[in-house]
Amino acid sequence: MTLAIERDQTFLAAIRRIADEVAAPNADDVDRNARFPVETIDALKAERALSALIPTELGGGGESLETVADACFELGRRCGASAMVFAMHQIQIAAIVRHLDGAPWFEAYLRDVAEGQRLVASVTSEIGTGGDLGRSIAAVTPVRDGIVSFEKQAPTVSYGSYADDLLTTLRRSPDAEPGDQVVALTSRDQHRLESTSTWDPLGMRGTCSPGYVVRAELPPVQILPTPFAQVATQSMVPISHILWSHLWLGIATDAFDRARSFVKAQAKGRPDQLPPTAVRLSQLMSELSLLRAEVRNGLREYVEADAEDRESLSTMASILRFNNLKIAASEQAPRVCQGAMSVCGIVGYKNDTPFSVGRHLRDTMSACLMVANDRIHQTNASLLLIAKEV
Amino acid sequence: MSDRQDLTRRIRQVVGEHGHLPVDIATIDDDTDLFQAGMTSHASVNVMLGLESEFDVEFPDAMLKRSVFESIGAIRSALEQLQVVAA
């Protein structure tokens, strides 16, 4: 076994242990009280999992994207909200690692993340942009010598109050066009969050994602050198779709496992007969395999394309590919959870049985609105007019 | 007028017609970043379609990316690569 594979497997074993021993026992309480999964995130910090994607030369774990995707899957099986916080943090880290372009400030920052296991959240959506992440209203605004500021109205900032740092998309300057965006990193002592809404959603309740007005002052060196358009197409969007879909697959897999335990328990009660739900479970397995195939293929294709020629990730064919991963996985995951509920019947519907899948269903129903599928279809529809092979 | 000038003129015409720029195409230099000048992603697709019909070409997938259409000059290089000669 090579050193890298051994390292990845040790890391995954630690994540599985956290998922089973910390995330799982707290998942219902996190969900019921819509509270931040603090125990799980603390355990992940203790394992230095927040710097998994940071290269070893900058003090991080140097894990591969595949390993982090597997970690999202494992956490998703035990607590969807914990997995989502973990995934969103890794997306921000991946974006910085891949696009810092040798900027010394960002290299030093990544060392700080590894050293202090800092949690990073993102402020990408904005009121007034119609859900289009490729447009901003808030702008980097000069204040005085060496200091810029911004004020952004965000309809939702996941775990904003619990994050050490925020990565915010902004127009490059007050006179820049809406699509001319950059990303700025600010730490807790540089930004203030003014809460503008409550948080009592259907699912993914532990992500604690109310709206905020975010105000910050920062030196311009904390703006990532690469334009956001490139960060988004080559990294932030496809990696979001890959990591999200892995945790949705995790949630759906656990719903399937619960349905399977239910059918098994029924079969044990009547050993001479195939339980009537057994055929349904078999049908559900094929739905789950479709989801798994799309999710695993999406990851593999991304890693291969990235290794071969990162520029190819900017093509429309590539944008369509990873948008489609998101749409397919976000529609299929709740379908599997609903199928699991119909296998389990009332004991699946109830919130307090070993076969409960209500949380799974509610959590995966958030998938189609995390960047609304309608918005993604709109983009795809436009790209399909011109793309050749898809 | 040289072939190259004529090619540039026709590109400008397509970008002016389909790019939905907030400014007059005449104020755009050959190396001005069209996206920074306000061309949206959706408008850029229309520019690509417009160029395909104007020059009777098909851009292969590898060329269908933002950087290839980010300026008049970049579009001209792409078309020259496809060996489009100005009529």
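**Reading the labels**

Mentor: Helix α6 (residues 228-269) of chain A lies across β4 and β5 of chain A, running at about 85° to β5(A). The model is predicted, so local features need pLDDT of at least 70 and side-chain atom pairs count only at pLDDT 80 or more, while totals for chains, interfaces and linings use all residues. Residues are numbered from 1 along each chain as its sequence is written, and chains are lettered from A and ligands numbered from 1 in the order in which they are written.

Trainee: What makes a stretch a helix or a strand, and where does the angle come from?
Mentor: Both are DSSP runs, numbered from the N terminus: H or I over at least four residues for helices, E over at least two for strands. Axes are lines fitted to C-alpha atoms, for helices over the stretch in contact, and angles between N-to-C directions run from 0 to 180 degrees.

Trainee: Why are β1 and β5 of chain A said to stand at the edges?
Mentor: The open sheet has 3 strands in the order β1-β4-β5 (chain A), with mixed pairing. β1 (120-123) and β5 (181-187) each have a single partner strand, so one side of each is left without a neighbour in the sheet.

Trainee: How do you know that β1(A) and β4 of chain A pair?
Mentor: Two strands pair if DSSP finds at least two bridges between them. β1(A) and β4 (residues 165-171) have 4 bridges, in the parallel sense, so they meet that definition. Within β4(A), D165(A) is the bridge partner of V120(A).

Trainee: What is the strand order in the antiparallel sheet of chain A?
Mentor: Its 4 strands follow the order β2-β3-β7-β6 (chain A). Here 7 bridges join β3 (residues 147-154) to β7 (residues 212-218), and K152(A) stands opposite V214(A) in β7(A).

Trainee: Why is R10(B) called partly exposed?
Mentor: Buried takes 20 or more other C-beta atoms within 10 Å of a residue's own, exposed takes 12 or fewer, and partly exposed is in between, with C-beta atoms placed from the backbone. R10(B) has 18 such neighbours, so it counts as partly exposed. R10(B) lies in helix α1 (residues 3-18) of chain B.

Trainee: How many residues of chain A are in contact with chain B?
Mentor: Contact requires C-beta atoms, placed from the backbone, within 7 Å. By that rule, 16 residues of chain A are in contact with 17 residues of chain B.

Definitions and conventions: Contact = placed C-beta atoms within 7 Å.
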